[in-house]
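Here is a short briefing for a reader who is new to this structure. Please look over the sequence and the fold before reading on.

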Amino acid sequence: MPAPRPHQLALLLAAAWSLDLLCLAAAEGGGGSCELSVERGGALYNFSLAAPTPAHRHGVLSEDGFYKVAMNDSVIWFQLCDQMIFNFDPPACLHCENCGGPLRCGTQCNALASNNIGGYDVCTTIGSASGSHISLIDDGNPQKGVIVKMFSSKCSISVFIFCDSAVAQLPDKFSQSGSCDYVIILRHPSGCARSVSDAGNGWGWLGTSFITIVCLLGAYILIGAIYRYYFVGIHSVEAIPNLEFWISLPQRIKSMFVRSRRNPRSQSRDTRGPYTTVNH
């Protein structure tokens, strides 16, 4: 057998990695930096911050393309669930290379802080799309709302989105801890769970187990077929590992069901053979 070539090994690894991502996406409840599904007290709570509501067609996202909060000599710009867009009033500060550069400052990150240092406004990226996490404000009370935390290399911003089904209250201040870790609070209908259902009605652990088994079987067949095609040189349907078993599997399953559904009386007669009981 010839030794595997580098590009062939890369193909196997890519196939396994892609299938792993698909399985994780199917098994995880919800997805994305602005979606969350949690089970508490037998109920399933679903949050989707970017989904439209009757009064807010972009969900919790600012329709201006960004939120802006100013206090003293500091300013914070941020956007939830997406990068910022500036059609007006863009940031004008130094050291914006990590968030769009001087010509497009603020457009390549999710959160940016500007502080006046020595008479100059200096920018610091405090949140990016690749580093974000959503969690409950109160782990024991999902109806309270959620926290969206965004990270950069050294800084962070935590946005508390309290559930308020009646009105959206925009942030007007922020707090700071450490050198560049910020906290902002707002109230919004998108902070409320979009649906609350009985967790027992879902697939639960049974569905997760089923998806896991299907993914493992799929990975086995896919990686085995690629290996046999490229390394063994089988260029036909025979490249599928254990092909005869998979072809016979439906008939095996059918036979199992037929045997399990046979009449117990007929089974008992079969066990007695051709002789019958004589009554005296």
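Is cysteine 123 buried or exposed? Cysteine 123 is buried, at 5% relative accessibility. The burial cut-off is under 20% relative accessible area. The model is predicted. Its mean pLDDT is 80, and 76% of the residues score at least 70.

**Confidence**

- Among the elements of the protein, strand 9 has the highest mean pLDDT, at 96.
- Helix 4, residues 264-272, has the lowest, at 50.
- Over residues 25-31, pLDDT stays under 50. The model has 5 contacts beyond four places in sequence for this stretch.
- Residues 274-278 also stay under 50 in pLDDT. For them the model has 0 contacts beyond four places in sequence.
- Where pLDDT is low, predicted coordinates should not be read in detail.

**Disulfides**

- The structure holds 6 disulfides. Three of them are described here, one after another.
- A disulfide is a covalent bond between the sulfur atoms of two cysteines.

*Cysteine 93 and cysteine 123*

- Cysteine 93 is joined to cysteine 123 by a disulfide, with an S to S distance of 1.4 Å.
- The pair links distant parts of the chain, 30 residues apart. Cysteine 93 sits in the loop between strand 4 (74-78) and strand 5 (111-117). Cysteine 123 belongs to strand 6, residues 120-127.
- Cysteine 93 has a relative accessible area of 13%, so it counts as buried.

*Cysteine 155 and cysteine 180*

- The sulfur atoms of cysteine 155 and cysteine 180 lie 2.0 Å apart and form a disulfide.
- This link is left-handed, with -85° about the S-S bond.
- Cysteine 155 is in the loop between strand 8 (145-151) and strand 9 (156-163), and cysteine 180 is in the loop between strand 10 (174-177) and strand 11 (181-188).
- Cysteine 155 is buried, with a relative accessible area of 7%. Cysteine 180 is buried too, at 10%.

*Cysteine 163 and cysteine 192*

- A disulfide joins cysteine 163 to cysteine 192, S to S 1.9 Å.
- The torsion about its S-S bond is about 95°, so this disulfide is right-handed.
- Cysteine 163 lies in strand 9. Cysteine 192 lies in the loop between strand 11 and strand 12 (195-198). The two are 29 residues apart, and the pair links distant parts of the chain.
- Cysteine 163 is partly exposed, at 22% relative accessibility. Cysteine 192 is buried, at 11%.

- Which order do the strands of the open sheet take? The order of its 5 strands is 7-8-9-11-10, and the pairing is mixed.
- Strand 7 (132-136) and strand 10 stand at the edges. Each has a single partner strand, so one side of each is left without a neighbour in the sheet.
- From one strand to the next, the twist averages 20°.
- Strands of a sheet pair through backbone hydrogen bonds, either parallel or antiparallel.
- Strand 9 and strand 11 run parallel and are joined by 8 bridges.
- Isoleucine 157 has tyrosine 182 as its bridge partner in strand 11.

**Nonpolar cores**

- How many residues make up the largest nonpolar core? The largest nonpolar core has 32 residues. Those with the most contacts inside it are Ile76, Phe78, Leu80, Ile157 and Ile161.
- Leucine 80 has contacts beyond its neighbours within four places in sequence. These include Cys34, Val60, Tyr67, Met150, Ile161 and Leu186.

- Leucine 112 is in strand 5. Its relative accessible area is 0%, so leucine 112 is buried.
- Leucine 112 and asparagine 98 are 14 residues apart in sequence. In space they are 9.7 Å apart, C-alpha to C-alpha.
- Threonine 53 lies in the loop between strand 2 (43-48) and strand 3 (67-71). At 18% relative accessibility, threonine 53 counts as buried.
- Leaving aside neighbours within four places in sequence, threonine 53 is in contact with Ser190 and Arg194.

Conventions:
Residues are numbered from 1 along each chain as its sequence is written. This is a predicted model: local features need pLDDT of at least 70, side-chain atom pairs count only at pLDDT 80 or more; totals for chains, interfaces and linings use all residues. Side-chain values use heavy atoms; hydrogens and water are left out. A nonpolar core is a set of buried Ala, Val, Leu, Ile, Met, Phe, Trp, Tyr and Cys residues joined through side-chain atoms within 4.5 Å. Buried means under 20% relative accessible area, exposed over 50%, partly exposed in between (1.4 Å probe, protein chains only). Contact means heavy atoms within 4.5 Å. A disulfide is a pair of cysteine sulfur atoms within 2.5 Å. Helices (H or I, at least four residues) and strands (E, at least two) are DSSP runs, numbered from the N terminus. Two strands pair if DSSP finds at least two bridges between them. Axes are lines fitted to C-alpha atoms, for helices over the stretch in contact, and angles run from 0 to 180 degrees between N-to-C directions. pLDDT is the predictor's confidence in each residue, from 0 to 100.
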